[in-house]
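Please look through the structure below before reading on. The briefing that follows takes up a helix, a sheet and the nonpolar cores in turn.

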Amino acid sequence: MTTGSKQGDQGPIGWLVNADDVPDGLVVADGEGRVVLFNRAAEQITGIDASSALGKDLEDALPLDLLDGRPWWPCTRPYESMSIVTGHPERNLLLGETEVLVSSRYVRDEQRGPVTRVVVSMRHTRGRAREELSRAELISTVAHELRSPLTSVKGFTATLLAKWDRFNDDQKRLMLETVNADADRVTRLITELLDIARIESGRLTVRRQVVDLGRVATRHVAGIVVSGEDPDKFTVNVGAGLPEMWLDADKIDQVIANLLENAVRHGSGHVTIDVSAWQPSADGDEAERELEAGVCVTVTDEGEGIPEGLHDRVFTRFWRSGRRGGTGLGLYIVRGLVEAHGGRIEVGRAPTGGALFRFVLPAGTPDFID
């Protein structure tokens, strides 16, 4: 163990895991109430040196108070609690003038026996504040994005209901087409929110089937052309010898559609999509070497590109191009969908000077083999 988490008598978990690898502050007291573990994160959160805490009574080593100033430990009395009490959920407490989030667990070697260990976990309130700010920003973004199409839908439907006979068929069709397009915008936004929830909760399910990535790219380009784009604006290059790819067709459709839409909306000039077989390189980084063989898809344009200093931010939530709006959620979802397949995605500068997005997907196997 390192100095930050050294323990008396080789503490209860020292032989299982290096406590300094735990991201939260971790303090463990034995059955006598003496501190036997105080990891590095606990030092950083509390400002207390591990060497001065080890061997001390838990109440003295970690003098926590309720927000109203009352001492915490006399209120909880872990070693005197009833056998059905297993600890306390996370709550805000004070350590001196510092507010921290603390949870505790009481360990008994026998179901109704005495407490043999008290495990205390701590983290800064800053992390929760960031989470709350992120949720507030998400709500604000969603509300803003929903307001515009819903206002349009409400306006046109109210107008048609009140004055139906005053409009000719062409005017009615135009209004209904606008309502239909705005309804599609709302549906896309709701889908994005559901995707984010599944990605962040780890509940994103990949239903694998054989997918021809070259055909998928060609089909999406054809759809963009039908919507009015110049067919000469696009080139799709599909390499030979592509392996059989077992992927989630709907999710891969979403990935390629988003990257092409970004290239058209935010880029300019010619858009090129390259689909080629991929093998990990012995000279690549560790993440690349761990990937299995599969297919690489690259989408490039001839626009201004993305400054190198922003490459690390492109796949974060709410990142937007400076000139145009949107929810800023699309590329965050794209990364989540690619990584759910065991792949990786990166952004760079295209040889033509525009943006380059490249993702690699391992070939995968059918669900019944996985």
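Which residue just after helix 10 takes a positive phi? Gly 342 does, with a phi of about 85 degrees. The model is predicted, so that local features need pLDDT of at least 70 and side-chain atom pairs count only at pLDDT 80 or more, while totals for chains, interfaces and linings use all residues. Residues are numbered from 1 along each chain as its sequence is written, and side-chain values use heavy atoms, with hydrogens and water left out.

**Helix 10**
- Helix 10 spans residues 330–340, where helices are DSSP runs of H or I with at least four residues and strands are runs of E with at least two, numbered from the N terminus.
- Eight of the 11 residues of helix 10 are buried, meaning under 20% relative accessible area with a 1.4 Å probe and protein chains only, and among them are Tyr 332 and Leu 337.
- The cover over these buried residues includes helix 6 and strand 13, through contacts (heavy atoms within 4.5 Å).

- An open sheet of six strands runs in the order 2-1-6-5-4-3 with antiparallel pairing, where two strands pair if DSSP finds at least two bridges between them.
- Strand 2 and strand 3 stand at the edges with a single partner strand each, so one side of each has no neighbour in the sheet.
- Strand 4 and strand 5 pair over seven bridges, and Asn 92 has Leu 101 in strand 5 as its bridge partner.

**Nonpolar cores**
- The largest nonpolar core has 40 residues, a core being a set of buried Ala, Val, Leu, Ile, Met, Phe, Trp, Tyr and Cys residues joined through side-chain atoms within 4.5 Å.
- Apart from this core lies another of 25 residues, including Ala 29 and Leu 54.

Note on methods: Buried means under 20% relative accessible area, exposed over 50%, partly exposed in between (1.4 Å probe, protein chains only).
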